[in-house]
Amino acid sequence: MSQNHNHPTEHHELNWIQKYVFSVDHKVIGIQYALTGLTFLFFGFCLMMLMRWQLAFPGEPLPLIGKLFSDTTMPGGVMLPEFYNSLGAMHGTIMVFLGVVPLAVGGFGNYLVPLQIGAADMAFPKLNAASYWSYFMGGVIMLISFFVPGGPANSGWTSYPPLSDIASTGQTVWLLGMVFLITSSLLGSVNFIVTIVQMRAKGLSFFRMPFFVWAQFVTSFLLLLAFPPLEAAAVLQLMDRVAGTSFFLPSGLVVSGNPLTIAGGGNPVLWQHLFWFLAHPEVYVLILPAIGIVTEIIVNNTRKPLYGYKTLVYSVLFLGFMSFVVWAHHMFMTGMGTTMSSFFQATTMIISIPSVVILTCLIITLWGASIRFTLPMHFALAFLPMFAIGGLTGLPLGLTTSDIHLHDTYYVIGHFHYVVAPGTLFALFAGIYHWYPKATGRMMNTLLGKLHFWISFLAINGIFMPMFIQGIAGVSRRLHTPTMYAHAQAVQGTNVFMSCSAWILGLAQLLFIVNFFMSLKNGKKTNDNPWNGTTLEWSTPTPPPHGNFTKPPIVYRGPYEYSVPGHATDFIPQVQPN
Amino acid sequence: MSHDAADIQKHIKTYIGVFIALACLTALTVAISYLHLPTKEAILVALFVATIKSSLVAAYFMHLISEKKLILYVLVLTAVFFVVLMALPALTDGGSFRLPYVP
Amino acid sequence: MLPEAAPMENPHYGWGFPPDVSTYGAVIDHLIIVIHWFMLVLFVGWGIFFVYCLIRFRQRPGHKASYESAHTKFPKFLEVGIALFEAFLLIAVSYPVWSKLRYQLPEEKDSLVIRIVAQQFVWNIHYPGKDNVFGKTDPKLISDSNPLGLDMTDPASADDIVSVSQLHIPVNKPVIAKLSSKDVIHGFSIPVLRVKHDVIPGMVFPIWFQAKETGQFEIACAQLCGVGHTLMRGFVSIDTPEQYDAWMAEQVAQLIPPPAATPVTAPTTPAPAPATHE
Amino acid sequence: MSSALIPYIDEPHPVTGVTNSKLGVWLFLASEVMLFGALFSSYIILRVGAVTWPHGSAILNVPLATLNTMVLITSSVTMVMSWASLKMNKFGKFRFYLGSTIFLAFVFLVVKAFEYGAKFEHHHFPSTDNFYGLYFTLTGLHGLHILGGIVVNLYLLFPGSKLWKTNPEQFAGRVECAGLYWHFVDLVWIFLFPVLYLL
């Protein structure tokens with residue numbers, strides 16, 4: 001039950017562990033989320049860098065690093081297909097559930113939402129800590145799965161049965177880990193919604209909220225209502241694997257010549273429905289906070305009000321709503337009938353419109369601006385074309401006819417990575433560079449940051465752009481040895497290019513890591529409002545103390561009052577009375 | 001909260017009334033099941049009775065009948081997605097063009 | 001267990017689409033190309049505006065941001081335009097083409113009807129033989145020599161041909177393939193024929209395709225199906241009618257009458273199907 | 001800690017009219033609706049796709065389940081009565097009613113255990129067929145929810161009831177929230193009962 005204790009005693013000194021480890025302060029929890037999420041992002045990316053060796057040079061031993069691996073994974077440095085499949089499955093799982101969502105929702109959401117709405121903390125601080133630790137447990141369980149016999153889950157991050165039902169132990173551990181991660185998201189989403197509904201500062205009506213808060217609000221509803229079906233599916237698959245039920249196993253299965261001794265009568269497509277009922281809204285869970293962050297940064301750096309604030313709000317609400325009724329476009333090739341495939345194609349086309357609206361609003365905001373090319377602005381601006389590519393390439397996948405050729409090819413991978421990697425991840429980097437001074441009181445190094453940006457920007461396009469070429473050529477995804485096929489052999493050169501880009505991207509992240517830690521000590525000290533921002537988080541002391549605001553803030557105006565004519569400064573904070 | 005003792009007394013009467021109604025409906029639904037209606041009718045009747053029962057619980061025990069609008073909005077939203085979750089997978093699966101599996 | 005690699009002749013694979021040897025593939029390719037032109041126009045349009053804004057409205061001394069938003073109806077036109085174009089693609093192209101490709105199967109009597117039974121990690125191709133009737137199968141009878149579990153007590157089974165990962169089809173004749181799987185989900189894909197469908201155990205999907213050119217090509221698995229997903233390569237040989245008949249005759253010649261042992265293991269009465277029906 | 005910073009813990013928000021906890025519990029219940037919704041949706045798909053589907057009343061123990069239904073309904077009444085007692089400032093009565101709720105919840109679980117035991121004795125396991133699979137999964141998950149409710153109610157009955165002395169309003173709010181959850185568990189059973197046992 002979601003209640004927190006009410007100790008009337010105020011402030012007694014907390015020891016280090018209470019303050020920084022088992023803290024219930026939303027800012028500490030936010031930073032915990034962000035750091036854990038960033039660590040997992042890097043780890044998940046390392047898995048991919050390993051896979052990219054195999055893809056670029058199939059069957060050749062990986063020099064140096066390859067020797068570190070066991071004979072069950074990379075004997076002699078050559079990657080086994082089962083290990084490749086494990087890496088693929090875990091890359092997806094870690095990036096989505098342990099990396100991006102915790103960083104975007106857990107990290108930025110926790111840190112910023114209470115600050116931006118003028119609250120002292122989240123509505124349920126203990127629940128918030130429980131949410132983090134549940135996530136942490138889920139992460140630990142996922143890591144443990146690397147050490148169980150047979151390796152971690154190897155049936156893809158989508159875990160389609162029957163393959164996942166008959167997979168090695170790692171899949172069971174994966175399901176357990178997912179249960180923890182889902183619980184964490186559910187606790188978090190309840191907390192966000194209650195906080196946003198109940199705890200906005202005086203004067204902060206819904207339509208004065210910063211757009212980031214709106215994005216988090218919609219995201220929370222998606223998590224709240226879309227995750228439970230996956231939890232149900234995980235329970236059913238767990239029963240299949242542990243108790244011998246056959247919810248996802250039809251009758252008459254014969255695996256490598258041996259008939260399965262099961263009751264049968266199940267339906268493998270049922271899993272896909274339950275999985276994608278979550279996983280499509282999950283795409284918007286990944287992208288909405290990113291859009292929120294980018295909006296904040298773009299408005300702040302254009303020094304003018306946001307174009308079409310209300311349009312944007314209605315667009316994300318509509319986007320969130322529609323995301324629940326498009327999921328079966330992931331399943332066009334599972335034999336659905338004319339009516340339903342027409343329905344899902346239509347909803348898929350409809351959901352593209354609000355994305356266009358959002359992008360257009362953000363670009364038109366640039367008109368008449370005075371654009372400050374700060375470091376976070378670099379990443380925020382890069383987000384726009386990258387997200388555009390990601391969104392546009394969804395179009396041929398959303399139409400069944402063109403999907404026939406592109407389904408389950410690298411085109412799909414290119415499409416969603418453009419949304420999530422140069423899209424969401426760039427937004428998250430932008431957010432880190434933007435709010436780092438608020439959290440630490442110091443700026444991050446601009447030169448290192450710009451190097452990080454330009455190398456990452458070029459490298460990340462170098463990874464994902466060739467995927468469209470491979471997809472058009474018809475290369476199936478999840479191939480351990482792409483050179484097996486003549487049509488894939490023809491585009492094998494792109495694989496070498498992509499892999500090199502990926503390794504360069506990996507190296508570029510070292511610049512970020514160095515910058516992140518170095519700036520903690522050596523960064524230039526800043527005042528409370530280094531970017532001349534208007535929203536409430538810039539009205540707190542830096543870093544914000546426990547309880548955030550020195551006195552309860554009162555909000556007098558909308559979130560983006562920049563360059564108001566006749567005003568001395570080019571920005572009016574929301575808390576400024578006139 | 002604006003409950004005074006007299007209010008609560010009235011509530012308690014309602015609770016007992018609801019309890020009796022629930023008990024009767026439970027008996028009813030069990031009794032109907034012994035009639036062995038055709039499957040379709042049986043499902044309709046059983047779900048109809050269950051819906052009445054759950055509405056009673058939600059309306060009176062969970063005070064939804066006098067609950068604030070905010071809560072109702074949340075529940076309406078949930079109900080919409082609940083219907084989506086019930087209907088779309090079943091429709092998609094039922095309408096598929098696959099042939100029956102003959103081993 | 002792996003089939004020998006067949007020699008690859010002709011196909012001019014490269015960047016861009018794989019060669020299209022199907023009778024209907026052009027419309028799929030055209031749709032993809034049209035969408036990409038549409039995407040390119042939008043992206044370049046946006047990009048020009050974007051870069052123009054970045055240059056013209058950069059921060060510099062003497063330049064101030066305006067509080068007023070741009071007053072323009074342009075975004076509305078753009079959004080409506082995109083919506084209309086998408087509606088056009090959907091209603092005029094995707095719906096009719098998809099329903100033709102997926103749901104309007106050619107007449108069975110004019111087509112070659114085959115079963116394709118996927119398993120980890122081969123494609124079993126089941127030809128009905130001369131009688132055009134598939135023999136009964138039963139998962140209980142599946143063995144190394146009988147990958148489909150053909151019931152040899154069924155007279156229709158006698159002339160059935162089972163080919164492992166070698167699909168031979170005659171050119172210019174529609175082929176109806178009934179897809180099913182013995183174990184996990186596979187993805188039946190022949191890029192050059194622009195045909196792809198998931199193969200899901202417990203269900204049978206009838207799909208069709210038709211080739212307009214002869215040649216040797218590959219079948220790929222599109223869905224992750226386990227350790228050997230990559231190795232699940234099949235071969236499709238699109239033959240002239242003469243070549244096809246010759247190949248078929250060769251298969252028939254190899255057909256050995258079932259050894260006496262088979263009828264013993266087979267149940268005398270047809271086993272009650274432990275099956276999943278629709 | 002320092003919850004003085006967090007408003008609307010014991011008094012409702014002036015605009016929304018609810019406390020944080022109440023909104024939180026309702027949101028949690030919304031997610032529970034989707035959880036059980038997914039399971040019911042699975043039930044529909046599996047049942048429609050099945051060749052044969054047993055009639056629940058033929059193989060499950062309907063009288064025992066009817067008894068359990070009555071036990072849960074009664075426990076719902078005692079739960080709401082315990083809240084009403086607090087509202088009327090009768091702490092003793094509150095303890096009696098909440099205690100009864102917990103007792104009835106245990107009765108429910110014991111009956112359930114007997115039911116499970118009988119099934120196992122006859123070698124009916126989740127793996128027997130999808131009907132039994134769903135029966136055990138759904139009732140098992142529901143049983144876990146009952147167990148969760150028992151833990152919460154035990155907390156409110158013993159250590160948590162100290163709050164009554166310092167902040168009765170907040171304590172009543174907690175009991176109400178626990179009640180909402182408990183009624184929801186009852187509500188799920190109201191659907192499970194006909195779906196599994198009678199159809």
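Of the 578 residues of chain A, 67% count as buried. The model is a predicted one. Chain A contains 16 helices and 2 strands. Its radius of gyration is 24 Å, close to the 25 Å that the globule rule gives for 578 residues, so chain A is as compact as a globular protein of that length. The C-alpha trace of chain A spans about 80 × 55 × 50 Å along its principal axes. Among contacts in chain A with a separation of 6 or more, 80% are between residues 24 or more positions apart.

Chain C is divided into two parts: domain 1 (25-58 + 71-103) and domain 2 (108-265). The C-alpha centres of these domains of chain C lie 40 Å apart.

The contact between the two chains takes 85 residues from chain A and 84 residues from chain C. On the chain C side, helices H1 (25-56) and H2 (74-103) and strands S6 (186-190), S7 (195-199) and S9 (215-221) each supply at least two residues. H2(C) gives the largest share, 16 residues. By residue class, the side of chain C that touches chain A divides into 51 nonpolar, 20 polar and 13 charged residues.

Confidence in chain C is as follows: the mean pLDDT is 86, and 88% of the residues reach 70 or more.

| Stretch of chain C | pLDDT | Contacts in the model |
|---|---|---|
| Residues 1-10 | below 50 | 14 contacts |
| Residues 259-278 | below 50 | 31 contacts |

How values were computed: Residues are numbered from 1 along each chain as its sequence is written. Chains are lettered from A and ligands numbered from 1 in the order in which they are written. This is a predicted model: local features need pLDDT of at least 70, side-chain atom pairs count only at pLDDT 80 or more; totals for chains, interfaces and linings use all residues. Two residues are in contact if their C-beta atoms, placed from the backbone, lie within 7 Å. Helices (H or I, at least four residues) and strands (E, at least two) are DSSP runs, numbered from the N terminus. Ala, Val, Leu, Ile, Met, Phe, Trp, Tyr, Cys and Pro count as nonpolar, Asp, Glu, Lys and Arg as charged, and the others, Gly among them, as polar. Domain bounds come from an automatic or database domain assignment. pLDDT is the predictor's confidence in each residue, from 0 to 100. The radius of gyration is taken over C-alpha atoms; the globule rule is 2.2 Å times the number of residues to the power 0.38. A residue is buried if 20 or more other C-beta atoms lie within 10 Å of its own, exposed if 12 or fewer, and partly exposed in between; C-beta atoms are placed from the backbone.
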